[in-house]
Amino acid sequence: MDTPTPFVTLDELARRIPDRAMLAVPKDEAGIAMAATRALIRRKATGLHLLCVPTSGLQADLLIGAGCVATVEGGAVTLDEFGPAPRFREAVEQGWVRILDSTCPAVYAALQASEKGSPFAPLRGLIGSDVRRYRNDWVVIDNPFAESGDPVVLLPAIQPDVALFHARLGDRHGNVWVGNKRELVIMAHASKASAVTVEDVFDGDLVADERYAAGTIPSLYVDAVAHAPRGAWPLGLVGRYEQDAEHLRAYVA
(Lines give C-alpha, C1' and ligand atoms only; values in the text may rest on other atoms or scores of the structure.)
Protein backbone atom coordinates (compact mmCIF):
# COMPACT_ATOMS: atom_id res chain seq x y z
CA MET A 1 0.00 0.00 0.00
CA ASP A 2 1.31 3.45 -0.90
CA THR A 3 2.31 5.66 2.02
CA PRO A 4 0.20 8.85 2.16
CA THR A 5 2.17 12.00 1.33
CA PRO A 6 1.53 15.52 2.64
CA PHE A 7 2.64 16.99 -0.70
CA VAL A 8 0.02 19.08 -2.48
CA THR A 9 -0.03 21.64 -5.27
CA LEU A 10 0.54 25.32 -4.55
CA ASP A 11 -3.11 26.10 -5.22
CA GLU A 12 -4.24 23.33 -2.86
CA LEU A 13 -1.86 24.68 -0.22
CA ALA A 14 -3.49 28.10 -0.61
CA ARG A 15 -6.97 26.58 -0.34
CA ARG A 16 -6.01 25.09 3.03
CA ILE A 17 -5.51 28.60 4.44
CA PRO A 18 -9.09 29.70 5.15
CA ASP A 19 -10.41 33.23 4.88
CA ARG A 20 -10.22 35.18 8.17
CA ALA A 21 -7.45 32.89 9.46
CA MET A 22 -4.65 34.19 11.65
CA LEU A 23 -1.70 33.59 9.34
CA ALA A 24 1.81 33.67 10.81
CA VAL A 25 4.59 34.64 8.40
CA PRO A 26 8.30 35.09 9.17
CA LYS A 27 10.72 37.94 8.53
CA ASP A 28 12.12 38.22 5.02
CA GLU A 29 15.46 36.48 5.59
CA ALA A 30 13.93 33.48 7.37
CA GLY A 31 12.19 31.92 4.37
CA ILE A 32 9.16 33.59 2.78
CA ALA A 33 6.66 31.48 0.84
CA MET A 34 6.21 34.00 -1.99
CA ALA A 35 4.93 31.43 -4.50
CA ALA A 36 2.24 30.44 -1.99
CA THR A 37 1.51 34.12 -1.34
CA ARG A 38 0.77 34.60 -5.04
CA ALA A 39 -1.47 31.51 -4.90
CA LEU A 40 -3.38 33.08 -1.97
CA ILE A 41 -3.87 36.23 -4.02
CA ARG A 42 -5.06 34.19 -7.00
CA ARG A 43 -7.72 32.52 -4.88
CA LYS A 44 -8.79 35.95 -3.56
CA ALA A 45 -8.26 35.21 0.13
CA THR A 46 -9.96 37.74 2.41
CA GLY A 47 -10.05 38.85 6.03
CA LEU A 48 -6.65 37.46 7.04
CA HIS A 49 -5.12 38.39 10.39
CA LEU A 50 -1.48 38.64 9.34
CA LEU A 51 0.90 37.94 12.22
CA CYS A 52 4.39 39.15 11.29
CA VAL A 53 7.05 37.11 13.11
CA PRO A 54 8.25 39.57 14.07
CA THR A 55 8.24 41.79 10.94
CA SER A 56 7.25 41.49 7.29
CA GLY A 57 7.90 43.21 3.98
CA LEU A 58 6.96 42.46 0.38
CA GLN A 59 4.77 39.50 1.35
CA ALA A 60 2.59 41.63 3.64
CA ASP A 61 2.52 44.51 1.17
CA LEU A 62 1.28 42.29 -1.68
CA LEU A 63 -1.41 40.64 0.45
CA ILE A 64 -2.60 44.03 1.72
CA GLY A 65 -2.63 45.53 -1.77
CA ALA A 66 -4.64 42.57 -3.06
CA GLY A 67 -7.30 43.06 -0.37
CA CYS A 68 -6.50 39.81 1.47
CA VAL A 69 -5.75 41.31 4.89
CA ALA A 70 -8.02 42.74 7.59
CA THR A 71 -5.53 42.95 10.49
CA VAL A 72 -1.77 43.33 10.70
CA GLU A 73 0.03 42.45 13.93
CA GLY A 74 3.77 42.68 14.42
CA GLY A 75 6.80 44.86 14.92
CA ALA A 76 6.99 46.44 11.44
CA VAL A 77 6.14 46.17 7.76
CA THR A 78 8.97 47.62 5.68
CA LEU A 79 10.93 47.03 2.49
CA ASP A 80 14.12 48.00 4.35
CA GLU A 81 16.67 49.70 2.10
CA PHE A 82 14.18 49.84 -0.77
CA GLY A 83 11.88 52.16 1.18
CA PRO A 84 8.50 52.07 2.94
CA ALA A 85 5.98 49.38 2.03
CA PRO A 86 3.60 51.43 -0.18
CA ARG A 87 0.38 49.41 0.13
CA PHE A 88 0.84 48.99 3.88
CA ARG A 89 1.39 52.71 4.31
CA GLU A 90 -1.67 53.54 2.21
CA ALA A 91 -3.81 51.02 4.10
CA VAL A 92 -2.80 52.52 7.44
CA GLU A 93 -3.39 56.07 6.27
CA GLN A 94 -6.80 55.20 4.79
CA GLY A 95 -7.85 52.90 7.65
CA TRP A 96 -8.28 49.86 5.40
CA VAL A 97 -6.58 47.52 7.87
CA ARG A 98 -6.62 47.19 11.64
CA ILE A 99 -3.19 47.56 13.20
CA LEU A 100 -2.15 45.67 16.34
CA ASP A 101 1.16 47.32 17.07
CA SER A 102 3.65 45.08 18.81
CA THR A 103 7.38 44.56 19.30
CA CYS A 104 9.71 41.79 18.18
CA PRO A 105 10.23 40.40 21.72
CA ALA A 106 6.48 40.55 22.40
CA VAL A 107 5.62 38.55 19.28
CA TYR A 108 8.19 35.88 20.09
CA ALA A 109 7.18 35.70 23.76
CA ALA A 110 3.48 35.27 22.95
CA LEU A 111 4.22 32.55 20.40
CA GLN A 112 6.53 30.77 22.84
CA ALA A 113 3.73 30.80 25.40
CA SER A 114 1.49 29.00 22.91
CA GLU A 115 4.33 26.64 22.02
CA LYS A 116 4.59 25.64 25.69
CA GLY A 117 0.84 25.45 26.31
CA SER A 118 0.91 28.48 28.62
CA PRO A 119 -1.98 31.01 28.53
CA PHE A 120 0.35 34.01 28.75
CA ALA A 121 3.96 35.16 28.81
CA PRO A 122 5.55 37.83 31.07
CA LEU A 123 7.68 40.58 29.51
CA ARG A 124 9.23 43.67 31.10
CA GLY A 125 10.47 45.85 28.25
CA LEU A 126 7.03 47.18 27.29
CA ILE A 127 6.46 49.09 30.50
CA GLY A 128 6.33 52.84 29.89
CA SER A 129 6.11 52.49 26.10
CA ASP A 130 3.46 53.96 23.83
CA VAL A 131 3.04 50.51 22.30
CA ARG A 132 1.66 49.13 25.57
CA ARG A 133 -0.73 52.06 25.96
CA TYR A 134 -2.59 51.00 22.82
CA ARG A 135 -2.84 47.30 23.64
CA ASN A 136 -5.71 46.75 26.02
CA ASP A 137 -5.14 42.99 25.83
CA TRP A 138 -1.76 43.37 27.58
CA VAL A 139 -2.08 43.39 31.37
CA VAL A 140 0.35 44.88 33.91
CA ILE A 141 0.59 43.10 37.27
CA ASP A 142 2.95 43.18 40.22
CA ASN A 143 5.45 40.38 40.29
CA PRO A 144 3.93 37.99 42.87
CA PHE A 145 7.41 36.81 43.90
CA ALA A 146 8.74 40.29 44.70
CA GLU A 147 8.22 42.02 48.04
CA SER A 148 6.78 45.18 46.41
CA GLY A 149 6.70 47.46 43.37
CA ASP A 150 7.93 45.15 40.61
CA PRO A 151 5.54 45.48 37.63
CA VAL A 152 5.56 43.07 34.70
CA VAL A 153 3.44 42.88 31.52
CA LEU A 154 1.45 39.73 30.76
CA LEU A 155 0.92 38.96 27.07
CA PRO A 156 -1.82 36.53 26.02
CA ALA A 157 -0.48 33.53 24.12
CA ILE A 158 -0.75 33.76 20.34
CA GLN A 159 -1.88 30.60 18.55
CA PRO A 160 -2.03 31.24 14.79
CA ASP A 161 -4.40 29.18 12.68
CA VAL A 162 -1.69 28.56 10.08
CA ALA A 163 2.06 29.12 9.89
CA LEU A 164 3.23 29.72 6.30
CA PHE A 165 6.90 29.64 5.28
CA HIS A 166 9.42 28.43 2.69
CA ALA A 167 12.09 25.89 3.65
CA ARG A 168 15.23 24.63 1.95
CA LEU A 169 14.33 20.92 2.05
CA GLY A 170 11.35 18.65 2.57
CA ASP A 171 11.07 14.89 2.43
CA ARG A 172 8.19 12.65 1.39
CA HIS A 173 7.36 11.95 5.05
CA GLY A 174 6.44 15.61 5.56
CA ASN A 175 9.54 16.62 7.53
CA VAL A 176 11.04 19.98 6.57
CA TRP A 177 14.57 21.23 7.18
CA VAL A 178 14.89 24.88 8.27
CA GLY A 179 18.49 24.86 9.50
CA ASN A 180 19.11 27.59 12.08
CA LYS A 181 15.89 29.51 11.39
CA ARG A 182 14.48 28.86 14.84
CA GLU A 183 11.57 31.30 14.46
CA LEU A 184 10.13 28.83 11.94
CA VAL A 185 10.27 26.08 14.58
CA ILE A 186 8.48 28.32 17.08
CA MET A 187 5.82 29.20 14.48
CA ALA A 188 5.19 25.55 13.63
CA HIS A 189 4.99 24.51 17.28
CA ALA A 190 2.68 27.39 18.24
CA SER A 191 0.25 27.19 15.31
CA LYS A 192 -2.74 24.95 14.80
CA ALA A 193 -1.41 23.98 11.35
CA SER A 194 1.63 24.59 9.16
CA ALA A 195 1.70 25.05 5.38
CA VAL A 196 5.20 24.87 3.95
CA THR A 197 6.72 25.28 0.51
CA VAL A 198 10.11 23.67 -0.07
CA GLU A 199 12.91 24.49 -2.46
CA ASP A 200 14.02 20.90 -2.95
CA VAL A 201 12.71 17.43 -2.15
CA PHE A 202 15.10 15.34 -0.05
CA ASP A 203 15.51 11.69 -1.01
CA GLY A 204 15.37 10.09 2.41
CA ASP A 205 14.25 10.83 5.95
CA LEU A 206 15.45 14.20 7.30
CA VAL A 207 14.75 13.20 10.91
CA ALA A 208 16.85 10.06 10.58
CA ASP A 209 19.77 11.85 8.87
CA GLU A 210 22.18 13.25 11.49
CA ARG A 211 23.29 15.98 9.07
CA TYR A 212 19.80 17.49 9.10
CA ALA A 213 17.95 16.17 12.16
CA ALA A 214 18.79 19.07 14.49
CA GLY A 215 17.39 21.64 12.05
CA THR A 216 14.33 19.65 10.99
CA ILE A 217 10.70 20.27 11.90
CA PRO A 218 9.10 16.81 12.08
CA SER A 219 5.97 15.98 10.14
CA LEU A 220 3.92 16.04 13.37
CA TYR A 221 3.89 19.84 12.99
CA VAL A 222 3.55 20.00 9.19
CA ASP A 223 0.13 19.67 7.58
CA ALA A 224 0.83 20.39 3.92
CA VAL A 225 3.95 20.71 1.76
CA ALA A 226 4.26 22.03 -1.79
CA HIS A 227 7.38 21.71 -3.93
CA ALA A 228 8.13 25.24 -5.16
CA PRO A 229 11.59 25.78 -6.69
CA ARG A 230 12.62 29.44 -6.26
CA GLY A 231 9.56 29.68 -4.06
CA ALA A 232 10.91 32.68 -2.13
CA TRP A 233 11.57 34.83 -5.24
CA PRO A 234 11.89 37.82 -5.54
CA LEU A 235 13.13 37.53 -1.96
CA GLY A 236 16.20 35.46 -1.24
CA LEU A 237 16.78 32.07 0.34
CA VAL A 238 19.93 31.69 2.41
CA GLY A 239 22.41 29.37 0.74
CA ARG A 240 20.51 29.25 -2.56
CA TYR A 241 19.89 32.66 -4.11
CA GLU A 242 19.93 36.36 -3.27
CA GLN A 243 16.94 38.68 -3.33
CA ASP A 244 16.16 40.26 -6.70
CA ALA A 245 17.07 43.88 -5.93
CA GLU A 246 16.08 45.12 -9.38
CA HIS A 247 12.60 43.61 -9.02
CA LEU A 248 12.14 45.11 -5.55
CA ARG A 249 13.21 48.56 -6.75
CA ALA A 250 10.75 48.28 -9.62
CA TYR A 251 7.98 47.24 -7.22
CA VAL A 252 8.55 50.27 -5.00
CA ALA A 253 8.65 52.57 -8.05
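This is a predicted model: local features need pLDDT of at least 70, side-chain atom pairs count only at pLDDT 80 or more; totals for chains, interfaces and linings use all residues.
Me: In what order do the three strands of the open sheet lie?

Reply: The order is β7-β9-β8, with antiparallel pairing.

Me: Why is one side of β7 and of β8 left without a neighbour in the sheet?

Reply: Because β7 (120–123) and β8 (139–142) each have a single partner strand, they stand at the edges, and one side of each lacks a neighbour in the sheet. On average, neighbouring strands here are turned by 35 degrees against each other, direction ignored.

Me: Which helix lies across β7 and β9?

Reply: Helix α5, residues 104–116, lies across these two strands, and runs at about 145 degrees to β7.

Me: How do you know whether Leu154 is buried or exposed?

Reply: The term buried applies under 20% relative accessible area. Leu154, a residue of strand β9, has 17% relative accessibility and therefore counts as buried.

Me: Which residues is Leu154 in contact with, leaving aside its neighbours within four places in sequence?

Reply: The contacts of Leu154 are Phe120, Ala121, Pro122, Asp137, Trp138, Val139 and Ile141.

Me: What separates the C-alpha atoms of Leu154 and Glu246?

Reply: The separation between these C-alpha atoms is 43 Å, and the two residues are 92 residues apart along the chain.

Methods. Residues are numbered from 1 along each chain as its sequence is written. Side-chain values use heavy atoms; hydrogens and water are left out. Two strands pair if DSSP finds at least two bridges between them. Helices (H or I, at least four residues) and strands (E, at least two) are DSSP runs, numbered from the N terminus. Axes are lines fitted to C-alpha atoms, for helices over the stretch in contact, and angles run from 0 to 180 degrees between N-to-C directions. Contact means heavy atoms within 4.5 Å. Buried means under 20% relative accessible area, exposed over 50%, partly exposed in between (1.4 Å probe, protein chains only).
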